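Q: Could you take me through how the labels for this model come about? I would like to see each value set against its definition.

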Amino acid sequence: MQLTFEAIGTIWTIDIFKSQRKLKKRVVLSKILKRIKTFDKNFSRFTKNSLVSQIALKTGSYKFPKEAKSLFRIYFKLYKITNGLFTPLVGNLLKQLGYDSKYSFVKKPINPVVPWQPAIKYNHPILTVKKPVLLDFGAAGKGCLVDIIAEELKKINVTNVCIDAGGDILYNNNLGQELKIALEDPNDTKKAIGIIKLLNQSLCGSAGNRRKWEDFHHIINPKTLKSPREILATWVIAKNALIADALATALFLVPAKKLIPHFKFEYLILDHNRRVKKSKNFNAEIFY
Amino acid sequence: MLELALYWQTKKQISVSQNNQNLPPVDNIINKNTNKYKNGTFSDTGSYSSPAGEEQIGVSITLNNDTIVDASVEPKAVSPTSKFFQNQFALNFKDRVVGKNIVDLEVSKVSGSSLTPKGFNKALEKIKKQANATNL
C-alpha cells in the first residue's frame, strides 16, 4: 500500500509492506494526517495559532505534548555541544531574513539570536517562556515526526514500512531486504553522487540547494548570520529519524568530531570542492 | 602515498572537466597506437619504512588511453598505527565525486534536501520575477 501526501512543507511517501491485518488506505491516511495536524498545531511556526506562534508573542508557561521531551532534549544537547550554533531560537532570524510563514523572502532588520537560558526553560511538559521568541524546529522536527508516524503505524501492527518524508527515510523490514537509495547530487537533482543501502535504520539528508533565496539557504549560522557555504550536503544514518535529522543539520555547523562522542551515527559530508568525508561504516558506493 | 593521491587528483580533474565541457570522449582524440602505457589493470605491492618498521601496501590502477580511470588500494600494514593510516588513506584518497543520472541507477528512493511543495516554489518564482523586473 502506498500513501502520498503533502505535509510539513514537503512531500511524503509511505510504503506499507505486508501488513498483518487488512488495512483500509483511507483509514490509515486519515490517522496519519490527523497525527501530523496535531504535531503542526504544537511545533510549526507556519501554522496559524500554533503553540509556537503563541510563544512568539507572549511570556508564560506552555504545555507541550509527550514527544516534546525527546525533541527539546536533543535540541538542548546539541545547543550545548555546538555552543549555541544549533538552536531552536533561530526562528526570528529566519523570519527576518525572509523565510517567514508566508514565504515572503523579504529581508527585514536583523536582531541577534537570543541565547537559550534567558529566554526559555523546558521542564517536561512545561516550557517556561521568559522572553517571547519564535521557535523553529526545522532542524529536527521532521525526523521527530517520522519517528512518531512509525510508532503510530506500529500500534496498528504495521512494522514493515518505508516512510519517506521528502528524502528523509525510515525503513524497517524484518525480512532483511535492503533499500537502495540514491544520494542526490545537490548541484544537479537529476543525478546522484552515490548509492546507500538502508535496512532498519533512518537516513536523513540535508543540503542548501532547494530552500534558497539571495545568498541564503534554510540553514543559517546564528553567529555569522550567513548560510554555511563550505558544505554542500550532509547525510546521517541513525536508528531514530530524530537523531539522523538533527545531526544532518548539525554537521553544517560543527565538525563531525564534535558530535561523535555524543551520538551513535554514521555520516557523509559533501564539501564545496566535491570531496567526500564519511565515517567508516557509512557504507555507500560513491561515484568518482 | 601522497604522490599517488596527487596524481590521481590531477588525472581525475582533467577527465571531470572534460565531461563538464561536453567534449568528445578521450578515445576519439587520442590515437590508441601512440599510447605510452598499455590499457588495463595493473597491481603491485609497495614497501615503505614507517616508524613502526617496514610496511606494505597494495595498489591497483586501471589505465585507459594513458588516463587513470580507476584505482584502489589494499592495506597490508601490520602495526596498528600503520593500519590506521593505511585505512584512512584507502577511504579518502579518491578525491572528487561525480554525479550519475538517477534514472540509470536501480534505486528505490532518493535522499537529499527536502522536496519543496508547490507553494514554496511558487513564492520563489515570484521573488525571482520581482528581482528580474527591478533589474531592468
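A: Gladly, starting with charge: Lys and Arg count as positive and Asp and Glu as negative, with His and the chain ends not counted. The place of a charge is NZ of Lys, CZ of Arg, CG of Asp or CD of Glu. This is a predicted model, in which local features need pLDDT of at least 70, side-chain atom pairs count only at pLDDT 80 or more, and totals for chains, interfaces and linings use all residues. Residues are numbered from 1 along each chain as its sequence is written, chains are lettered from A and ligands numbered from 1 in the order in which they are written, and side-chain values use heavy atoms, leaving out hydrogens and water.

Q: What do the positive and negative side chains of chain A come to?
A: Chain A has 49 positive and 22 negative side chains, and the centres of the two sets lie 7 Å apart.

Q: Why does the radius of gyration of chain A agree with a compact globule?
A: The rule, over C-alpha atoms, is 2.2 Å times the number of residues to the power 0.38. For 288 residues that gives a value near 19 Å, and chain A has 19 Å, so the two agree.

Q: What share of chain A is buried?
A: Buried means under 20% relative accessible area (1.4 Å probe, protein chains only). Buried residues make up 57% of the 288 residues.

Q: How do you know what span to expect of helix H3 in chain A?
A: A helix is a DSSP run of H or I with at least four residues. The expected span is 1.5 Å times one less than the number of residues. H3 (residues 68–81) has 14 residues and reaches 20 Å, close to the 20 Å expected. Its buried residues include A:Leu71, A:Ile74 and A:Leu78. Just after H3(A), A:Asn83 takes a positive phi of about 55 degrees.

Technical notes: Buried means under 20% relative accessible area, exposed over 50%, partly exposed in between (1.4 Å probe, protein chains only). Helices (H or I, at least four residues) and strands (E, at least two) are DSSP runs, numbered from the N terminus.
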